[in-house]
Amino acid sequence: EGEVLHTPPTRQPTQPAEGSTDGQKTSLVAVPWFSDPAAAPTKLDVSSAVLCRNTAPLISLAYQLIRAKIPCKVEGRSIGDGLKALAQRWKVSTVDALLKRLEAYAERERQKALAKGNETKAEEVGDRVATLQEICGACTSAGRHRVADVVAFIDDLFADGAENVVVLATYHRSKGRKWERVFLLEHASRCPSRAARKPWQREQENNLAYVAFTRAKQMLVFVG
């Protein structure tokens with residue numbers, strides 16, 4: 001039988017960084033779970049996948065992995081296509097202008113969905129906008145400030161059936177696939193969805209959780 005582990009998103013080191021000397025003030029920097037040398041079982045490799053109920057946290061993680069030189073792809077070319085369409089929805093060329101449009105768009109579409117009693121749609125809009133905002137943040141942090149840079153970033157990040165990389169995927173996109181080790185990101189706070197209030201919606205969320213729980217061949221790790 002496989003193992004089930006829990007790990008916090010970051011770990012606070014108990015010792016100063018290597019090279020520090022007595023008498024010097026040394027700050028202890030929290031270590032991300034995926035690169036903590038003291039937590040070898042949670043080290044990511046190409047046999048691993050990170051799954052989450054929503055897309056936005058995966059994008060945030062993807063940028064952290066890229067900076068840590070850990071190769072990764074987000075499963076879902078169609079998700080990427082939808083994000084590109086949203087990024088190019090308006091005739092703006094800079095990331096700052098796009099972010100302003102996104103904020104107004106998110107509020108408008110959310111209110112429209114809620115007015116129709118469609119909380120699931122409102123949540124989907126929120127996740128899509130939050131995902132694109134994460135990508136915009138990654139681009140600006142890298143000194144890339146044009147919408148064309150955002151589109152190029154999306155093209156590089158999203159793929160279907162990627163190999164020899166850490167796969168990041170939503171629970172929906174993980175159906176039918178298995179990995180040696182699977183990390184469930186923020187499961188307790190995101191699944192079931194807050195929009196799932198009716199019995200049939202809760203049942204769907206339970207089924208989705210079952211899918212996530214059964215993607216691991218050897219080890220299942222809950223992160224956060």
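## Contact and the start of the chain

Contact here means that heavy atoms lie within 4.5 Å of each other. The structure is a predicted model.

Val-4 sits in strand E1, which covers residues 3–7. Apart from neighbours within four places in sequence, Val-4 is in contact with Leu-220 and Phe-222. Val-4 and Leu-220 are 216 residues apart along the chain, yet their C-alpha atoms are separated by 4.7 Å.

## Helix H1 against helix H4

Two packed helices are described by the angle between their axes and the distance between the axes. For H1 and H4 the angle is about 15°, and the axes are 8 Å apart. Angles under 35 degrees count as roughly parallel, and H1 and H4 are therefore roughly parallel to each other. Their crossing is right-handed.

On the H1 side, the contact is made by Ala-56, Ile-59, Ser-60 and Tyr-63. H4 contributes Asp-127, Ala-130, Thr-131, Glu-134, Ile-135, Ala-138 and Ser-141. By class, the contact of H1 with H4 divides into six nonpolar, three polar and two charged residues.

H2 packs with H5 (residues 147–157) at an angle of about 175°, and their axes are 9 Å apart. Angles over 145 degrees count as roughly antiparallel, so H2 and H5 are roughly antiparallel to each other. In this pair, Arg-77, Gly-80, Leu-83, Lys-84 and Ala-87 of H2 meet Val-147, Val-150, Val-151, Ile-154 and Asp-155 of H5. Six residues of the contact of H2 with H5 are nonpolar, one is polar and three are charged.

H2 also packs with H4: their axes come within 10 Å and cross at roughly 80°. Angles of 65 to 115 degrees count as roughly perpendicular, and H2 and H4 are therefore roughly perpendicular to each other. The contact is made by Leu-83, Leu-86 and Ala-87 of H2 with Arg-128, Val-129, Thr-131, Leu-132 and Ile-135 of H4. The residues of the contact of H2 with H4 divide into six nonpolar, one polar and one charged.

## The largest pocket

Rolling a probe the size of a water molecule over the atoms shows where empty space is left. The largest pocket has a volume of about 560 Å³. It is lined by 23 residues, and the closest to its centre are Arg-53, Asn-54, Glu-124, Asp-127 and His-172. The elements that give two or more residues to this lining are H2 (77–87), H4 (119–141) and H7 (199–213).

The lining of the largest pocket divides into six nonpolar, eleven polar and six charged residues.

Of its 16 lining residues, the closest to its centre are Ala-122, Glu-123, Ser-193, Arg-194 and Ala-195. Two or more lining residues come from each of H1 (56–67), H3 (95–115), H4 and H6 (187–190). H4 gives the largest share of the lining, five residues.

The lining of the second largest pocket divides into five nonpolar, four polar and seven charged residues.

## Backbone details in two loops

Pro-192 is found in the loop between H6 and H7. A cis peptide bond joins Cys-191 and Pro-192, with omega at about 10°.

Lys-69 is found in another loop, between H1 and strand E5 (72–75). Although Lys-69 is not a glycine, its phi is positive, at about 60°.

Terms used
Residues are numbered from 1 along each chain as its sequence is written. This is a predicted model: local features need pLDDT of at least 70, side-chain atom pairs count only at pLDDT 80 or more; totals for chains, interfaces and linings use all residues. Side-chain values use heavy atoms; hydrogens and water are left out. On a 1 Å grid over the protein atoms alone, a cavity is a set of points where a 1.4 Å probe fits but cannot get out, and a pocket is an open set with protein on both sides within 12 Å along at least five of seven lines; lining residues have an atom within 4 Å of a point. Grid points are joined across faces, edges and corners, and a volume is the space filled by probe spheres set on the points. Helices (H or I, at least four residues) and strands (E, at least two) are DSSP runs, numbered from the N terminus. Ala, Val, Leu, Ile, Met, Phe, Trp, Tyr, Cys and Pro count as nonpolar, Asp, Glu, Lys and Arg as charged, and the others, Gly among them, as polar. Axes are lines fitted to C-alpha atoms, for helices over the stretch in contact, and angles run from 0 to 180 degrees between N-to-C directions. A crossing is left-handed if the near helix is turned anticlockwise from the far one by less than a right angle, and right-handed if clockwise.
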